[in-house]
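This report describes a single protein chain, moving from selected strand pairings to the overall architecture. The sequence and the structure are shown first.

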Amino acid sequence: MARIELHDVTKRWGGYYAVEHLDLVIEDNAFVTLLGPSGCGKTTTLRMIAGLETPTEGRITIDGVPMFDSELGINVPPNKRRVGFLFQNYALWPNMTVYQNIAFGLSNINESGAAVNEKGEVVRDESGKAPARKLTKEEIKRAVDRVSAIVKIGPFMDRYPSELSGGQQQRVAIARTLAPGPRVLFMDEPLSNLDAKLRLEMRSELQRLHLSTGSTFVYVTHDQMEAMTLATRICLIDNGRLQQYDEPLTVYNKPNNLFVADFVGNPAVNFIEASGKQEGDAVKLSFLDGVQGSFTPNGGLKIADWYAQDDKQQAEAKAKAEAAAKQPGYVEKTNKDLPFPYHIARVEEPETENRPAATREDFVLGVRPEFVHICEDGAITGEVFSAMPTGMETTLKIKVGNYLLTAVVFGGVVYKIGQQVRLNFSGDNIMLFSRQSGRRIVNGEMKL
Ligand code: ATP
């Protein structure tokens with residue numbers, strides 16, 4: 001129903017860049033989550049697509065039709081974009097029944113909203129335009145019935161909002177948003193007012209809803225779990241800049257950089273500083289104060305080739321930025337992009353992190369907790385520092401020297417604090433990052 005394209009979209013207030021040169025294609029019927037820390041520019045991005053915020057520059061199209069174009073002077077108002085909104089504060093009218101709440105918006109619908117037939121399709125005249133007339137009572141009833149069946153609130157139509165649970169109220173709000181048949185549904189943290197159990201339930205319903213409506217969903221959240229579980233693609237932003245735009249499992253397994261690796265995954269990834277060089281296929285590394293490992297990059301990658309390619313890309317990006325800085329009207333970014341301060345977990349945390357300048361033989365390993373494999377013949381010896389069993393799995397903190405590694409063990413295994421364990425790193429999804437830039441070089445296998 002709707003494909004959205006953002007081309008070089010920027011929103012700034014003075015020198016503060018809330019969104020910086022964003023290029024994004026949201027495919028028809030996608031479920032895209034905009035994810036990132038507080039203040040990173042998620043809501044601003046959503047509001048610009050919806051027409052609630054005017055970009056400083058750039059171009060936004062829906063189904064190829066420009067909604068905003070700074071060069072052509074186009075800015076289509078939100079009510080003409082045929083989009084729906086669902087926000088955190090979904091205030092229903094307390095003095096109206098569920099039916100009236102949902103029907104309310106439909107009684108004032110204009111030609112850019114849409115009457116729908118019994119199949120839920122927009123009613124159009126011969127020229128393809130949706131008619132500029134008010135909907136009849138029957139059409140309104142049909143639309144209300146259709147959406148209330150989707151969110152399963154049929155039995156509550158005569159109740160008032162105060163007679164509904166939080167989750168039911170939320171479903172009414174969703175029905176009200178869906179009723180005019182929006183081609184895009186914008187949601188800004190719509191579940192954040194609900195308790196943990198209800199949130200889980202509503203997540204699953206949103207996924208079903210996405211399937212049954214066929215609409216394109218754009219969803220803002222700072223909850224990485226919500227983003228992972230709902231999205232067909234995650235758009236991860238930091239300080240106004242796109243960090244990665246990929247399917248959830250790609251973001252999880254192949255993060256572009258240390259920031260992405262850290263932001264996604266719970267419990268968080270283990271970062272381990274390592275140094276060494278490639279000899280033949282393998283990179284001989286030393287880490288955790290004396291552990292030696294042999295890392296084999298997937299696909300036989302040569303680290304030197306990666307650096308050569310990376311140098312080229314960085315030089316191009318630098319030249320582009322310098323050219324942009326010479327353009328008239330250029331405004332320098334005051335909210336500077338700083339290197340990501342990755343955290344190394346230690347028993348005794350240093351007061352200040354001393355990070356000497358890194359060379360090309362300095363790396364950071366990223367090891368997901370499920371790949372810290374506890375086994376009798378493990379090469380690393382550690383001690384259980386804490387153990388948190390949930391029944392389905394146990395999250396362990398393991399002390400290795402002064403370092404702490406997080407491991408997840410599946411099944412109901414019992415561990416005692418202080419118990420000695422041995423461990424390896426399993427699988428071929430051990431990540432190798434450049435310590436100089438924080439970018440991921442390659443994934444691979446680690447033999448200890
Ligand atoms: P949160 O998760 O906290 O809602 P967000 O990622 O949605 O954060 P945005 O609301 O998009 O963040 O804001 C991005 C940045 O732009 C923030 O640093 C915010 O302070 C800034 N900002 C937003 N609106 C304005 C404004 N009208 N004037 C100046 N700065 C603004």
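## Strand pairing and burial

Leucine 236 of this predicted model lies opposite glutamine 244 in strand β11. The two strands concerned, β10 (residues 233–238) and β11 (residues 241–246), run antiparallel and are joined by 5 bridges. Together β10 and β11 form a hairpin with 2 residues between them. In the turn, asparagine 239 has a positive phi of about 50°.

Strand β15 (residues 362–367) has two antiparallel partners, β12 and β21.

| Strand pair | Bridges | Residues standing opposite |
|---|---|---|
| β10 (233–238) and β11 (241–246) | 5 bridges | Leu236 and Gln244 |
| β12 (270–279) and β15 (362–367) | 6 bridges | Asn270 and Val367 |
| β15 (362–367) and β21 (430–434) | 4 bridges | Phe363 and Ser434 |

Is β15 covered or open? The strand is mostly covered, with 6 of its 6 residues buried. In a regular strand, side chains alternate between the two faces of the sheet. In β15, Asp362, Val364 and Gly366 point one way, while Phe363, Leu365 and Val367 point the other way. Residues of both sets are buried.

## Nonpolar cores

Nonpolar side chains in soluble globular proteins tend to be buried together. The largest nonpolar core in the model contains 43 residues. Those with the most contacts inside this core are Phe271, Leu285, Phe287, Leu288, Leu365, Phe425 and Leu432. Leu365 belongs to β15, on the side that also carries Phe363 and Val367. Leaving aside neighbours within four places in sequence, leucine 288 is in contact with Ile272, Glu273, Ile380, Val400, Tyr403 and Leu405.

## Helical elements

Helix α1 (residues 42–50) is largely enclosed by the rest of the structure, because 7 of its 9 residues are buried. The buried residues of α1 are Lys42, Thr44, Thr45, Leu46, Met48, Ile49 and Ala50. Just after α1, glycine 51 takes a positive phi of about 95°.

Helix α5 (residues 196–213) contains arginine 203. Why does arginine 203 count as buried? Its relative accessible area is 12%, and the cut-off for burial is under 20%. Not counting residues up to four places away in sequence, arginine 203 touches Leu191, Asp223, Met225, Glu226, Thr229 and Leu230.

## Overall architecture

The protein has 9 helices and 22 strands. Its C-alpha atoms fill a box of roughly 75 × 60 × 40 Å along the principal axes. Of the 448 residues, 47% count as buried. Among contacts with a separation of 6 or more, 67% are between residues 24 or more positions apart.

The protein exposes about 22000 Å², of which carbon and sulfur atoms supply 52%. There are 51 positive and 56 negative charges, and their mean positions are 4 Å apart.

Methods
Residues numbered from 1 in each chain as written. Predicted model: local features only at pLDDT ≥ 70, side-chain atom pairs only at ≥ 80, totals over all residues. Heavy atoms only, no water. Buried < 20%, exposed > 50% of the residue type's maximum accessible area, 1.4 Å probe, protein only. Pairing = 2+ DSSP bridges. Contact = heavy atoms within 4.5 Å. Areas by Shrake-Rupley, 256 points an atom, 1.4 Å probe, with all protein chains shown as cover. Lys, Arg positive; Asp, Glu negative; His and termini not counted. Charge placed at Lys NZ, Arg CZ, Asp CG, Glu CD. Core = buried A, V, L, I, M, F, W, Y, C linked by side-chain atoms within 4.5 Å.
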